Amino acid sequence: MMKVEKISENMVYQKPRLITNNTMHYCPGCSHGTVHKIVAELIDEMGLEDNAVAVSPVGCSVLAYNYIDIDWVQAAHGRAPAIATALKRLMPDRLVFTYQGDGDLAAIGTAETIHSLVRGENIVIIFINNAIYGMTGGQMAPTTLIGQKTATTPYGRDTALNGFPYKMGEIAAMMPGVTYVTRQSVDKPAAVRAAKKAIKKAFENSIGCKGTSFVEIVATCNSGWKLSPVASNDWMRENMFPEYPLGDLKNNG
Amino acid sequence: MEDIKLLKGNEVLAIAAIRCGADGYFGYPITPQSEVMETLMDERPWLTTGMVVLQAESETSSINMIYGGAAAGKRVMTSSSSPGLSLMCEGLSYLAGAELPCLVVNVARGGPGLGSIQASQADYFQLVKGGGHGDYKLIVLAPNSVQEMNDFVGLGFDLAFKYRIPAVILTDGIIGQMMEKVTLSPERPRRTEEELAKECGDWATTGRKASRGKANLANSLFLDSVDLEQHNLHLQKKYREIEKNEVLCEQIQVEDAEYIMVAYGTSSRICMKVVEDMRKEGHKVGLIRPITLFPFPTEIIAKAAEHSKVILSVEMSAGQMVEDVRLAVGCACKCRVEHFGRFGGVVHSPAEVYEALKALM
């Protein structure tokens with residue numbers, strides 16, 4: 001293997017310290033890599049490496065524990081918020097967060113999600129909404145847009161057959177125990193900075209036991225959408241953002 | 001001084017959990033075991049020992065709260081009854097796969113389906129043989145008194161942590177609801193963070209990665225089949241170790257017995273009366289009471305079968321444990337193995353068991 005020499009005085013950018021050297025399985029262009037980077041940077045910058053437990057879902061980010069070098073609990077499909085509930089209740093001074101996709105959080109894990117919000121658990125839920133099941137090969141998710149083609153909606157999502165996409169962020173914002181709900185994206189540098197700021201606030205809320213923080217990231221799945229990474233970002237801005245508008249939905253922190 | 005109380009089986013589960021230094025209880029109401037969480041909520045242990053008690057939105061959620069607590073090395077417990085255990089089987093498979101210690105109680109009722117709220121022993125297959133997916137085992141303890149309900153909370157936690165495996169107390173609505181005199185466990189404090197780090201530091205996801213110098217992971221995913229086979233071999237080795245070391249079994253007048261009943265839990269109490277009645281009439285009758293259902297007292301039963309004409313498995317089910325009794329006795333042995341029991345929430349009387357055994361003589 002070629003040896004790469006690091007010249008620190010010229011270094012303007014590097015892999016976050018808490019991102020491991022494991023080869024990432026994410027597709028080029030996928031939003032997961034960027035969100036992982038933000039999370040790893042924040043844990044390092046906020047000095048939480050010795051005070052954080054994360055819960056990984058079932059879905060593309062099931063292997064998040066291979067990439068962010070902190071303690072992880074790998075959850076059964078949809079159950080991450082229940083697991084996070086116990087971790088935080090039993091270790092109230094820790095940062096506890098889940099990292100979940102739309103199928104995990106908004107379909108099979110609906111009850112666990114809603115009731116952790118109902119109880120106002122002092123956890124952070126990071127919700128990657130890319131409107132598709134990536135890992136299983138691009139099937140319809142609860143957040144799939146009307147008319148969107150997926151492996152299980154080959155003629156487009158038909159409301160008579162499949163119902164309507166729904167907005168978990170808005171549902172989260174309704175709950176009195178929820179402190180902070182925001183919807184962000186990571187499609188350009190300014191958006192990445194805003195998403196990082198949002199996740200930082202959410203992490204502070206968990207450490208301060210201020211109620212649940214729910215950070216939704218509207219994300220791309222270029223493999224599932226069968227578009228190039230650049231075209232995916234365009235498609236997301238044109239189609240996803242009108243359905244899932246960005247910005248804070250609630251901020252009581 | 002001994003602390004002696006008159007308590008329901010369900011109540012003593014709660015009291016024993018607090019006294020054993022449990023860190024958390026997560027549950028969902030279901031008859032006939034709701035007194036467990038009711039007692040805990042009444043006792044408010046979070047004000048004394050710091051134990052967390054939480055009512056979840058479902059048994060699916062409560063077993064996953066157990067998964068989270070167990071992952072952090074905490075002594076966590078849940079209880080439910082049969083339909084709730086069906087929902088928990090997903091979580092039990094994950095707990096077994098990730099090798100996490102915890103205590104789960106099934107105060108069983110009649111099934112299948114919504115069944116009844118009366119006592120039953122029809123969940124033997126579910127908890128002893130599996131229930132969830134994959135090759136796994138749970139340590140299964142079968143108390144037959146309120147005293148053992150108390151004692152097995154501490155024992156269950158100890159075995160669970162010794163082997164990093166979920167331990168189950170499999171009991172039923174009768175033992176859960178009946179009141180008996182019970183000597184409470186001595187109080188032991190909850191473990192401190194330092195004690196937990198010492199005992200579970202190489203695996204528990206306590207969030208202390210930097211101090212530990214490596215990240216811990218609770219996980220049952222092995223995408224490479226060869227890795228998963230190795231993991232399974234490791235689990236199987238552990239199960240063989242448990243079979244070798246942890247069998248608990250009570251034998252009543254088995255030495256000279258020609259007719260032996262095998263029964264656990266409530267059914268064993270009924271069979272004790274049958275042994276007494278039959279012995280009075282001069283019949284050489286004995287009782288083997290498995291206290292651990294996994295590990296099963298296979299060798300004890302095999303040895304007893306050598307001098308026995310008939311072994312009768314007496315269960316409040318259509319015949320589940322009898323399969324393990326047959327395996328223990330083996331085809332080559334002349335001893336006949338039969339099953340008797342009422343089920344669906346009906347409990348056999350000593351007279352019915354007496355008649356069933358008499359008919360085999």
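1. The model is predicted, and its overall scores are ipTM 0.97 and pTM 0.97. Chain B averages a pLDDT of 97, and 100% of its residues score at least 70. That matters for reading the details below, since where pLDDT is low, the predicted coordinates should not be read in detail.

2. Strand β1 (residues 52–56) of chain A runs parallel to strand β2 (residues 71–74) of chain A, with 4 bridges between them. One pair to look for here is A:Val53, which stands opposite A:Asp71 in β2(A).

3. How many bridges join β2(A) to β9(B)? There are 2, and the two strands run parallel. To spot the place on screen, look for A:Val73, which stands opposite B:Ala218 in β9(B).

4. The contact between the chains takes in other parts of chain B too. In total, 34 residues of chain B are in contact with 28 residues of chain A. On the chain B side, β2 (24–27), β3 (52–55), α3 (59–71), α4 (82–97), α9 (209–212) and β9 each supply at least two residues. Helix α3(B) gives the most, with 7 residues. By class, this side of chain B divides into 14 nonpolar, 14 polar and 6 charged residues.

5. Chain B has a sheet of its own to look at. Here 7 strands form an open sheet in the order β3-β2-β4-β5-β7-β6-β13, with mixed pairing. Its edge strands are β3 and β13 (292–294) of chain B, each pairing on one side only. Ignoring direction, neighbouring strands of this sheet are turned by 20 degrees against each other on average.

6. Take the β3 end of that sheet. Strands β2(B) and β3(B) run parallel and are joined by 4 bridges, with B:Tyr25 standing opposite B:Val53 in β3(B). Together with helix α2 (residues 35–43) of chain B, these two strands make a right-handed β-α-β unit. Helix α3(B) lies across β2, β3, β4 (76–80) and β5 (102–108) of chain B, running at about 165 degrees to β4(B).

7. At the β13 end the pairing is antiparallel: 2 bridges join β6(B) to β13(B). The bridge partner of B:Leu141 in β13(B) is B:Thr292.

8. Chain B is divided into domain 1 (4–183) and domain 2 (249–358). How far apart do their C-alpha centres lie? The distance is 26 Å. The contact between them takes 25 residues from domain 1 of chain B and 21 residues from domain 2 of chain B. On the domain 1 side, α5 (124–129), β6 (139–141), β7 (166–172) and α7 (173–177) each supply at least two residues. That side has 14 nonpolar, 8 polar and 3 charged residues.

9. Finally, a few backbone details in chain B. Most residues other than glycine have a negative phi, and most peptide bonds are trans. A cis peptide bond joins B:Thr31 and B:Pro32, with omega about 10 degrees, and B:Pro32 lies in the loop between β2 and α2 of chain B. The bond from B:Phe294 to B:Pro295 is also cis, with omega near 0 degrees. B:Pro295 is in the loop between β13 and α12 (298–305) of chain B. B:Glu99, although not a glycine, has a positive phi of about 55 degrees. Look for B:Glu99 in the loop between α4 and β5 of chain B.

Definitions and conventions
Residues are numbered from 1 along each chain as its sequence is written. Chains are lettered from A and ligands numbered from 1 in the order in which they are written. This is a predicted model: local features need pLDDT of at least 70, side-chain atom pairs count only at pLDDT 80 or more; totals for chains, interfaces and linings use all residues. Two strands pair if DSSP finds at least two bridges between them. Two residues are in contact if their C-beta atoms, placed from the backbone, lie within 7 Å. Ala, Val, Leu, Ile, Met, Phe, Trp, Tyr, Cys and Pro count as nonpolar, Asp, Glu, Lys and Arg as charged, and the others, Gly among them, as polar. Domain bounds come from an automatic or database domain assignment. pLDDT is the predictor's confidence in each residue, from 0 to 100. A crossover is right-handed if, with the strands pointing away from the viewer, the path from the first strand over the helix to the second runs clockwise. Axes are lines fitted to C-alpha atoms, for helices over the stretch in contact, and angles run from 0 to 180 degrees between N-to-C directions.
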